[in-house]
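Subject: Structure for you to look at

Hello,

Here is the structure I promised to pass on. Please open it first, then read my notes below.

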Amino acid sequence: MNCELAHERIVLAAYGELPDEQMHELERHLAACPECSQERQQLLAVKTLAAAYPVVEPDPNFLTRSRIRLEEALDALPPKRWYERFSQRVVNNFASLQTAPVAALLLLIVGAGAGTLGGYEFAQARAAHVAARVPAATAKAEPQPVPIAEVASISSVVRQPNSEIVDVTYNQVVPQHIQGSLDDPGIRQLLMLASENSASQGVRDDSVGLLAAECRAGHACQGEGIRDALMVALRYDKSETVREKALKGLEPYVAEDMRVRDAVLEALLNDSDPRIRTAAISELEPVEADTSVRQVLFTVANSDHNPQIRTVSREALSRAPEIQ
Amino acid sequence: MDGPDRAQERLQARAPEMELIREAQAGSRAAFDALVRQYEQQVLRLALHLTGSEHDAEDIYQEAFLKAFRYIGNFRFECSFYTWIYRIVTNLCLDQLRRRKTRREDQAVVVDQSGDEIDMMASISDNRSFSNPGKELDRKVLGERIQTALSKLTPRERMVFELKHYQGLRLRTIGEMLNTTEETAKNTLFRATKKLRTQLAGLR
């Protein structure tokens, strides 16, 4: 055994990681090599000196303080929506059946269902809020033909005692039209709404495109939740063109905003469209050295179905050597 | 206690944790709090020894468990929860160590056993240190020397040395926690001990 190898084995032996048969070989080498013998002495000295900085148990008050602070932070978080937890559960349960096409199909359906339900629920909440301002019809009004297409929801149904008369209170969606500049907060709000709950892909496409362009141009894209709207579109929209536009819009903020970074990382891991995953990798370039980004790149380099993406990930990993 | 009872006991000891995790994944805050209580001491101990600062250790503790709460849905029982939590903690510690390196704020300032900061330059020429003779001084000075030597390691070397030497983990586990191979962890340990040996040569 040469001395360089012996030096390594001395370290392993000192930490109980050397297999027994190699230990025997090492002892024989050390008996015959004074230099390596000294090396072992020096390593033992390092270990002894290291003990001068012992690991101490955290002071109980310190622990309690930390725990209280944590509890407060957890209390301040918004609760997880049921469909988020549900889809997470489904994903976990089916993760082990990745090769089963039927399971994968079910997963897709359930996941899409949960996503749609989320969007539906969200749209309902927004629509109800919008229409609540419209005063409900009074009980005495003449029953007119109800434009069913414009009914958002029914608030109550009450049957008048001893009669065939029924009082129905409903909320109506009233189509409106507005024109304004992209800087106008009202217009922006409508665009954000459009990005999330328009049934028409064309409308979502246009609105996300406009919002993304605003973000890329740097036009005050945080306060009104535009970033959030883009992140939601990136995650949930069924159309690849919409998701791609949302991703582009988020690019300027990957470095400074952790949530944007996380959203892009999720897209890299989970998006079905390889073009989007590729775009995500290039957007992560400024933060390639970040530990969590490297982890994801590592996973993608090994397990993405698309060979080109695996290559690009590997290149990204090698481009940014770990900051040592 | 005979064999089958002990095996049953071991199973029962592990089963509650799996149940807790599932409950936490389903949204039970109480279950998550129970998990926190199981691991918080170790997490804080590691962060404290690694950073040498109560303030930094508390930050890491906070971020680690918040992250755990946020991502517990992603835990798929493919590794132990212990490894999973430690992976989060070590990543945060590494980020912390890297930030220090860039800011170079730890060159001259070291934290002693009681948590107070000592200025390294001052302690060498300060007359006070000579009025406090004996073993206490030796230990303190040695403690500072080793901390300085440790601060000269790269973040990864520091991390591996901490987990191996101070926390006593196996190299294979360390590799898992740092999302790398046992081989890489070994080589990092070799570099770390080599550097420390050079730094501390001359001190017996």
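**Helix packing in chain A**

In H1(A), the residues A:Cys3, A:Ala6, A:His7, A:Ile10, A:Val11 and A:Ala14 meet A:Glu35, A:Cys36, A:Glu39, A:Arg40, A:Leu43, A:Leu44 and A:Lys47 in H3(A). Residues are in contact if their C-beta atoms, placed from the backbone, lie within 7 Å. By class, this contact of H1(A) with H3(A) has 8 nonpolar, 1 polar and 4 charged residues. Nonpolar means Ala, Val, Leu, Ile, Met, Phe, Trp, Tyr, Cys and Pro; charged means Asp, Glu, Lys and Arg; the others, Gly among them, are polar.

A word on the source: the model is predicted, local features need pLDDT of at least 70, side-chain atom pairs count only at pLDDT 80 or more, and totals for chains, interfaces and linings use all residues. Residues are numbered from 1 along each chain as its sequence is written, while chains are lettered from A and ligands numbered from 1 in the order in which they are written.

H1(A) and H3(A) pack at about 35°, and their axes are 10 Å apart. Axes are lines fitted to C-alpha atoms, for helices over the stretch in contact, and angles run from 0 to 180 degrees between N-to-C directions. The crossing of H1(A) and H3(A) is right-handed, which means the near helix is turned clockwise from the far one by less than a right angle.

**Where the chains meet**

How many residues of chain A are in contact with chain B? There are 36, and they touch 45 residues of chain B. H1 (3-14), H3 (34-50), H4, H5 (82-95) and H13 (291-303) of chain A each supply at least two residues of the chain A side. Helices (H or I, at least four residues) and strands (E, at least two) are DSSP runs, numbered from the N terminus. H4(A) gives the largest share, 8 residues. The chain A side has 19 nonpolar, 8 polar and 9 charged residues.

H4 (residues 60-75) of chain A packs against H2 (residues 29-51) of chain B at about 145°, with axes 11 Å apart. Their crossing is right-handed. A:Leu63, A:Ser66, A:Arg67, A:Leu70 and A:Leu74 meet B:Arg29, B:Val36, B:Glu40, B:Gln41 and B:Leu44.

**Chain B itself**

Chain B has 9 helices and 2 strands. Along the sequence, the pattern is α-α-α-α-β-β-α-α-α-α-α.

Best wishes

Terms used:
Contact = placed C-beta atoms within 7 Å.
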